[in-house]
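Q: How should I read helix packing, burial and chain dimensions in a model like this one?

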Amino acid sequence: MAMTGPRPILSFMQKHPRWSQLLTLGLFFLAWEIAARFFVDKMFLSPPSRVYGEIGRVFGTKGVPDALWLTLFELSIAFAISVVIGLVIGLSVGLGTFARRSFMPIILLLYGIPQITILPLFILYFGIGAPSKIAFGVTHGMFPIILTIVAGVQNLKPVLMTSARSMGASRWHILRYVIFPHMIPSFFAGLRLGMTGVLLGVLLAELYVSTAGIGHFTSMFTQSFDPTRLLGLISVLAVMAIALNEMVRRAETHFSRWKS
Amino acid sequence: MSMQNQTVDQVAVSIHGVAHHFGESGDAKHVKALQETTMDIYRGELLALIGPSGCGKSTLLNVIGGLLNPAQGHVDVCGKRVDGPMPHEIAYVFQENALFPWNTIIENIRLGMLFQGVAKSEHEDRAQQSLKAVGLMEFANHYPGQLSGGMRQRAALARALSLDTPVLLMDEPFGALDEQTRMVLGEDLSVLLSRTRKTIIFVTHSLGEAVFLADRVAVFSARPGRIKQVINVDEAHPRKPSFMTAEKFTRLRNELYDLLHDEIRKTVDLGSRGGGF
């Protein structure tokens, strides 16, 4: 019958989303492989099989392992600072009506500025070394964290505060047992967005000015028309980003058990 | 000892000329919520506050509980002037689900005791006892989101009971539940409360609930509210379901209905800016 066409495959994929994810990914790599082998200039694109096969060459490049460590170091510092600043500002702005009314518009305004335009200022203030990259990462990472925390604190049901107060909860009790657990889900959402922001900020700064770090090597590989190593380096970076993201997501699921 | 003194000893909650309004007078948003109210509530008594919506019964409850400072007058609870929450004297059960959704039922109960300052060594015993009292022992480790509305209110009641306060305030505790569930919870509450001998003040919209549970029912007039009349129910606790079909129950319920009807009509007509038909 005509019914035995693509129908069974479709229903199989609907039942097993994992498989359709893998299939999509497989098709993507296949298209890339074909395009790189037969249609695109070798100077601009390498097939994934070659990128994967020669990944060792990336690590073998002088300076790349150091660059990876340096970038990872800058990322961690920038992320840690973003989280602390995001928490402090997010909580104080989110919890106080006065603070929210005074500072929220300013925060939104600052967040709206395309920060790449003031990157030269960062270099002027912090030099061309790690500090300017960390600072640029922080300004990209802290805003999403601030905003999600403010939003998370806001939608707390007032009756929960009232009931805690009626049972004699101190300010610390309310912060520790009511506000913190309430904002955990949005806090983690903020962490993930903040992580993406920090990654963007640090790499942008590296691309522009630095003489070290992953950003430096991506621009070097591009300029020397070496897409194999460039894509290899980007893959390493992608794996790093996915691993970090996954760590935060695991923690998030663990702390949001009550929501299921 | 004179009779007078003995009566004073028996008073658990004393309301002295309490009046309240929201917003400044002259302001467009100014609302006179509660007219001067004076009343004594006796130890072990169950008082129901009933009236049209917006009549200030919840306002009065929040003033008694120290969650709201009245514009005028004051309240004494167990001989102490109310000036903010009194966790050792007063426990609350709110209309909305006020359990912390991120804590299990037993964690919620322990947290209440932690806030109130109960010694850690007593937490487990008291939590188990209060869970047993409301029949939720098997659900100790469930999250509130996994329970039905009726069970959540039982859990909230267990948390309030574990605080072991002489006074319990309930703001439409069964307001969000369906008729059948409220009936069963009402029966359970009557049994439970006759054992604990707490002083209880609860706000309700349900005439039947007021008559079934309360020793006295305070009927409020429409906004700005004041206590229009107090009705004695005079029936021993625990009350059996058969009380609900007794002639006395119907008579009292009708009496309440007559008292309330005009007030509710006033509120509704005011709301629609018209007058009857």
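The dialogue below takes these features in turn.

A: Keep in mind that this is a predicted model. Let us start with packing.

Q: What describes two packed helices?

A: The angle between their axes and the distance between those axes. Here, H5(A) packs against helix H6 (residues 97-112) of chain A at about 130°, and the axes are 7 Å apart.

Q: Which residues make the contact of H5(A) with H6(A)?

A: H5(A) supplies A:Ser92, A:Val93 and A:Gly94. H6(A) supplies A:Ala99, A:Arg100, A:Phe103, A:Met104 and A:Ile107. By class, the contact holds five nonpolar residues, two polar and one charged.

Q: Now burial. Which residues of helix H11 in chain A are buried?

A: Count the C-beta atoms around each residue: 20 or more others within 10 Å means buried. In H11 (residues 213-223), the buried ones are A:Gly213, A:Ile214, A:Gly215, A:His216, A:Phe217, A:Thr218 and A:Phe221.

Q: What covers the buried residues of H11(A)?

A: The cover includes helices H5 (64-95), H8 (130-154), H10 (171-208) and H12 (227-255) of chain A. After H11(A) comes A:Phe225, with a positive phi near 45°.

Q: How many helices and strands does chain B have?

A: Eight helices and ten strands. Its radius of gyration is 19 Å, close to the 19 Å from the globule rule for 277 residues, so chain B is as compact as a globular protein of that length. Along the principal axes, its C-alpha atoms fill a box of roughly 55 × 50 × 40 Å.

Q: What share of the residues of chain B count as buried?

A: 44% of the 277. Among contacts in chain B with a separation of 6 or more, 70% join residues 24 or more positions apart.

Notes:
Residues are numbered from 1 along each chain as its sequence is written. Chains are lettered from A and ligands numbered from 1 in the order in which they are written. This is a predicted model: local features need pLDDT of at least 70, side-chain atom pairs count only at pLDDT 80 or more; totals for chains, interfaces and linings use all residues. A residue is buried if 20 or more other C-beta atoms lie within 10 Å of its own, exposed if 12 or fewer, and partly exposed in between; C-beta atoms are placed from the backbone. Helices (H or I, at least four residues) and strands (E, at least two) are DSSP runs, numbered from the N terminus. Two residues are in contact if their C-beta atoms, placed from the backbone, lie within 7 Å. Axes are lines fitted to C-alpha atoms, for helices over the stretch in contact, and angles run from 0 to 180 degrees between N-to-C directions. Ala, Val, Leu, Ile, Met, Phe, Trp, Tyr, Cys and Pro count as nonpolar, Asp, Glu, Lys and Arg as charged, and the others, Gly among them, as polar. The radius of gyration is taken over C-alpha atoms; the globule rule is 2.2 Å times the number of residues to the power 0.38.
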